[in-house]
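Hi there,

Here is the structure I promised to pass on.

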Amino acid sequence: MKLISFIVPCYNSQEYMRHCIDTLLPGGDQVEILIVNDGSSDNTAAIADEYEKKYPNICRAIHQENKGHGGAVNTGIKNATGIYLKVVDSDDWVNEYAYGEILDTLANFYKQGTVLDMLLSNYVYEKQGAKKKTVIHYRHAIPKDQIFCWDDVGRFPVSQYILMHSVIYRTALLRECDLELPEHTFYVDNIYVFKPLPYVKTMYYLDVNFYRYFIGRDDQSVNETNMIKRIDQQFKVTYIMIDYMTQFNLVSKPLERYMRHYLSIIMCISSVISVKSGQKEHLKMRKELWKYLYDSDKRLYRKIRHNITSCAVNLPGYVGRKATIAMYKAARRFIGFN
């Protein structure tokens, strides 16, 4: 049994996957690296096989027909043998020093017999061409260097939430909640983080800058132009998150508050992309999305719709949409995303 399984979804990743995998190899025999070749047409499959041959006790190449990012993660979860699991996209990488701390922390909990459901760490925006790196941390919202539960979780800043880059889940927990991501769909990383949350009982925050999140390539899913092209998939993910939250009986108030906060941000992202597009069809989609939330759960709708961020992305009329775009641009410059 491995301490942690890393899933590396790869689709035509020959230009950068080596760097990603090389940063994971220092984990040695404690880790397994599942390189999921998702129907690539370039040299990705050969590179995956090369790593499996060279590091047979660490790397495993898995080849499948193209199923999209979600399908690749599903395959990784089914094949994982590690106690814990983390997804690392093939154009991203991890920091070696922080990696050592992560492994030591997980190993100590395992030796003590402590069941840890989720470990959190920081991630860094590695934006192409940017000299200043933005670090996303959670020091103001959750305790660090101690086991905690949802009752100990404070309020997250308006624009901050837990991304796939910052989370390591217990593998058995992902299977317990029957996590299966939609295939051929972008932005499913939000479902990956969101759906297991009600099953999480114990958490630990290690304040290290572990994950390096590369942004800046034109073909990335978070590229603004691509988000507009794939707006239907962004909305699909948002609808799935609405259905999940409105059908789940959340007993813990702090958990409910955080999941509502998360859903609020995803609702706002969908709304902003609609406004940024400016197409009548997309503006109609935005209106229908908010109506769907209202029809699904009026209380949840009121909680989300009337917070300051939702009001900002739903300003009425042409002038209101211009103001929304201006605020979005300011936030993008300040935080450094896409």
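A word on terms before the notes: accessible areas here come from the Shrake-Rupley method with a 1.4 Å probe. On that basis, the protein chain exposes about 15400 Å², with carbon and sulfur atoms supplying 51% of it. Please keep in mind that this is a predicted model.

The overall picture: the protein chain holds 13 helices and 10 strands. Of its 338 residues, 56% are buried. Among contacts between residues at least 6 apart in sequence, 78% join residues at least 24 apart.

I then turned to the second largest pocket, whose volume is about 330 Å³. Its lining counts 17 residues, and Arg-155, Phe-156, Arg-257, His-261 and Asn-307 are the ones nearest the centre. By class, that lining has eight nonpolar, five polar and four charged residues. Helix 9 (253-277), helix 11 and helix 12 (308-312) each contribute at least two residues to the lining, and helix 9 gives the most, with seven.

One residue I followed up is Ile-304, which sits in helix 11 (residues 298-305). Is Ile-304 buried or exposed? Its relative accessible area is 0%, so Ile-304 counts as buried. Leaving aside residues up to four places away in sequence, Ile-304 touches Arg-260, Leu-263, Ser-264, Trp-290, Leu-293 and Ser-310. Ile-304 and His-261 are 43 residues apart in sequence, yet their C-alpha atoms are 7.7 Å apart in space. His-261 is also one of the residues nearest the centre of the second largest pocket.

Notes
Residues numbered from 1 in each chain as written. Predicted model: local features only at pLDDT ≥ 70, side-chain atom pairs only at ≥ 80, totals over all residues. Heavy atoms only, no water. Helix = DSSP H or I, 4+ residues; strand = E, 2+ residues; numbered from the N terminus. Buried < 20%, exposed > 50% of the residue type's maximum accessible area, 1.4 Å probe, protein only. Contact = heavy atoms within 4.5 Å. 1 Å grid on protein atoms, 1.4 Å probe; cavity = no way out; pocket = protein on both sides within 12 Å on 5 of 7 lines; lining within 4 Å. Points joined across faces, edges and corners; volume = space filled by probe spheres on them. Nonpolar A, V, L, I, M, F, W, Y, C, P; charged D, E, K, R; others polar.
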